[in-house]
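Below is a short note for a colleague who is looking at this model for the first time. The points are numbered and can be read beside the structure.

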Amino acid sequence: MADVNDYGIKVSRAGFPVLTASDRQLLYSSSFPTLPIAFTGTLNDGSTFAHNLGYFPPYFFIQQQSSGDFFDNSGKVFGADGVRIDTTTLYNNIGVSVIYYIMAYNLRTNYTASNIDTTDATGGATPQDYGFKVSKDGQDVLTAGHTNLNIFSGLSVGGQPVRQVIIHQTGFADNLAAGNTTNISHNLGYVPLFLFFYRINGNTPYKYWFSSYTVNGDLSVTLNLQPTISSTQLTIYNNTGSAIDYAYIILKDNFS
Amino acid sequence: MGDYGIKVSLPGKSITSSNIEDYVLWSKYDIPKTYLVGSTSYTLTTDDTNATTGTRVDHNDFFQVNHNLGYRPYFIVFWNVGSDYGGGIWVKSVGFPNAHVFMNYHCTTTYFSITYDYTNYSDPNPQITVPITWNFKYYIFLQQA
C-alpha cells in the first residue's frame with residue numbers, strides 16, 4: 001500500500017511555484033491541519049454559547065460597539081470578567097457583545113508537523129494568472145465574494161497574498177509552577193505566529209489569552225504571563241503567582 | 001449547491017464521516033485567512049503627557065489602513081514596548097486598560113485604525129519621564145462575523 005502522504009492537495013500562495021514553495025509560502029497543504037471554524041456568531045454580555053464539542057477548542061473573539069464596528073480596547077479578559085471557554089460552553093462576561101469564532105481542534109493535542117520545508121522559493125512574475133478557490137456551501141464559486149470563499153489564493157487590496165493559517169505544532173501541559181519557565185522547540189528557523197491559551201491550574205473554564213500584562217502608572221508594563229517566541233522556540237514564563245495549565249498553537253505563518 | 005465542494009479526510013478516516021475532526025479539509029467549514037498584515041509604531045514624549053508645561057496629546061488617530069472589504073473583518077493586534085523589552089517580546093494586545101492611556105483598535109467596513117487616547121484629564125502631571133515607543137503588528141482576517 002502506498003504511503004498515504006503521497007496523496008493530497010497543495011496550493012501555493014499567489015506568486016510562488018507550488019513545487020518549490022516552502023511551507024510558509026503555501027496557501028494550503030493537506031499535509032498539515034488547519035483550524036476549521038465550527039461556530040461563529042454574536043454573544044451578548046452575560047450570555048453563553050453551547051458548542052458541545054466535548055474538548056477545549058481554540059477561539060477568537062472581538063468586541064462589538066453599538067454602531068456595529070469592532071473594537072479591542074477594554075483589556076477585560078481576565079477571570080470572571082473575560083471571555084473564556086470549557087469543553088461545552090463559551091462564556092461572555094466582558095461587558096459588551098462579542099463576535100466569536102470557535103475552531104474544531106482540540107487544544108489538548110500534542111502535534112508536530114512531520115515534514116518541514118523552510119527553503120523559500122523565488123516569487124513569480126504573474127501572481128494572479130493562477131490560483132485556487134473553493135466557495136462555501138450554497139455559494140457559486142464564480143461569483144462569490146471573499147467572505148463566501150472557503151479557500152482563496154488571491155491578493156488583498158494591498159497586494160499581499162491571502163493565506164489560510166496552517167498549523168505547524170500544538171501542545172499542552174498542566175501545572176507549570178509559579179515563577180517557572182519552559183521552552184518548546186519548533187525548529188522553523190523563523191519567528192512564527194502563535195496562539196496561546198491558559199488557565200489557573202485547577203480552575204475552569206479555560207481563559208483565553210495570548211499573554212497577560214499590567215500597565216503601570218508610568219506606562220511601563222509588567223507581564224504576568226510571558227509566552228514569547230523566537231526563530232527556534234516558544235518560551236513560557238509564568239509570572240502570575242499561581243500554577244497554570246497552558247496550550248499553544250504554533251502556525252507556519254511568519255510573524256514578521 | 002451544497003452538493004459540491006472539497007473534502008480531504010485524515011489517514012484512516014472515512015471520507016463519508018460527518019465528524020469535522022476526521023478531516024484535514026472540508027469546504028463546508030470556513031478556515032481563518034489573513035488578508036492584510038502590517039506594522040506601525042507610536043512614540044509618546046514627556047511633553048505629550050504634561051498639561052502644565054508641555055503640549056499634552058489627548059487624542060491621536062495615528063494609524064489607519066483601508067481594507068475595503070465592505071464588511072467588518074476580524075483582526076488581531078500584537079504590540080511590544082521596545083525600550084522595556086529590547087523589542088523582542090510581542091504579546092497579543094487588547095489596548096491599554098490603564099487609568100491614563102487607551103490604545104483603541106477599531107475596525108469598520110472599510111478601514112482598520114489605531115487611536116491613542118489620554119484619559120486622565122484631571123491630572124496635569126506628566127505620566128512618563130522618558131519617551132516611550134509602542135510597536136504594533138496587525139493581522140486583518142477575511143472572516144466576517
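**Notes on the model**

1. Strand β16 (residues 192-200) of chain A pairs with strand β21 (residues 244-254) of chain A, running antiparallel over 8 bridges. Within this pairing, A:Phe196 has A:Tyr248 of β21(A) as its bridge partner. The model is a predicted one, and the values below are computed from it.

2. How many of the 9 residues of strand β16 of chain A are buried? The count is 9 of the 9, so the strand is largely enclosed by the rest of the structure. In a regular strand, side chains alternate between the two faces of the sheet. In β16(A), one side takes A:Pro192, A:Phe194, A:Phe196, A:Tyr198 and A:Ile200, while A:Leu193, A:Leu195, A:Phe197 and A:Arg199 point the other way. Residues on both sides are buried, A:Arg199 included.

3. Strand β21 of chain A also contains A:Lys252. The side chain of A:Lys252 forms a salt bridge with that of A:Asp23, at 3.0 Å from N to O. A:Asp23 belongs to the loop between β1 (10-12) and β2 (26-29) of chain A, so this pair ties together parts that lie 229 residues apart in sequence. Both partners, A:Lys252 and A:Asp23, are buried. A:Lys252 has a further neighbour in A:Phe32, lying over the face of that ring at 4.4 Å from the ring centre.

4. Over all chains, the salt bridges number 5. Side chains of opposite charge can pair when their charged atoms come close. Another of the salt bridges joins the side chains of A:Arg108 and A:Asp174, at 2.8 Å from N to O. A:Arg108 is in the loop between β9 (98-103) and β10 (111-112) of chain A, and A:Asp174 is in strand β14 (residues 167-176) of chain A, so parts 66 residues apart in sequence are tied together by the pair. Are these two side chains buried or partly exposed? A:Arg108 has a relative accessible area of 25% and is partly exposed; A:Asp174, at 38%, is partly exposed too.

5. Chain B has a salt bridge between B:Lys33 and B:Asp30, whose closest N and O atoms are 2.7 Å apart. B:Lys33 has a relative accessible area of 1% and is buried. B:Asp30 is also buried, with a value of 13%, because the cut-off for buried is under 20%.

6. Turning to the aromatic residues, the structure holds 18 aromatic pairs over all chains. One of them is A:Tyr59 with A:Phe61, a stacked pair with 6.5 Å between centres and 25° between planes. A:Tyr59 and A:Phe61 are both buried. A:Phe60 pairs with B:Phe141: the ring centres are 5.8 Å apart and the planes stand at 55°, so this pair is tilted. The pair crosses between chains, with A:Phe60 in strand β5 (residues 59-64) of chain A and B:Phe141 in strand β9 (residues 132-144) of chain B. A:Phe60 is buried at 4% relative accessibility, and B:Phe141 is buried at 2%.

7. Chain B also contributes an aromatic cluster, formed by B:Tyr42, B:Phe62, B:Tyr105, B:Tyr116 and B:Phe136. Elsewhere in chain B, the charged end of B:Lys7 sits over the ring of B:Trp26, at 4.9 Å from its centre.

8. Which residues does B:Leu25 contact, leaving aside its neighbours within four places in sequence? In chain A they are A:Tyr28, A:Asn150 and A:Ile151, and in chain B they are B:Ile6, B:Lys7, B:Val8 and B:Ile31. B:Leu25 is located in strand β2 (residues 23-26) of chain B. B:Leu25 is buried, with a relative accessible area of 1%.

9. As a whole, chain B has 1 helix and 9 strands, in the order β-β-β-β-β-α-β-β-β-β along the sequence. Of its 145 residues, 56% are buried. Where contacts in chain B join residues at least 6 apart in sequence, 64% of them link residues at least 24 apart. Chain B exposes about 6000 Å², and carbon and sulfur atoms supply 48% of that area.

Note on methods: Residues are numbered from 1 along each chain as its sequence is written. Chains are lettered from A and ligands numbered from 1 in the order in which they are written. This is a predicted model: local features need pLDDT of at least 70, side-chain atom pairs count only at pLDDT 80 or more; totals for chains, interfaces and linings use all residues. Side-chain values use heavy atoms; hydrogens and water are left out. Helices (H or I, at least four residues) and strands (E, at least two) are DSSP runs, numbered from the N terminus. Buried means under 20% relative accessible area, exposed over 50%, partly exposed in between (1.4 Å probe, protein chains only). Contact means heavy atoms within 4.5 Å. Accessible areas come from the Shrake-Rupley method with a 1.4 Å probe; for residues, only the protein chains shown count as cover. Rings of Phe, Tyr and Trp (its six-membered ring) pair if their centres lie within 6.5 Å; planes under 30 degrees apart count as stacked, over 60 as edge-to-face and the rest as tilted. A charge sits over a ring if NZ of Lys or CZ of Arg is within 6 Å of the ring centre and within 35 degrees of the ring normal. Two strands pair if DSSP finds at least two bridges between them. A salt bridge is a side-chain nitrogen of Lys or Arg within 4 Å of a carboxyl oxygen of Asp or Glu.
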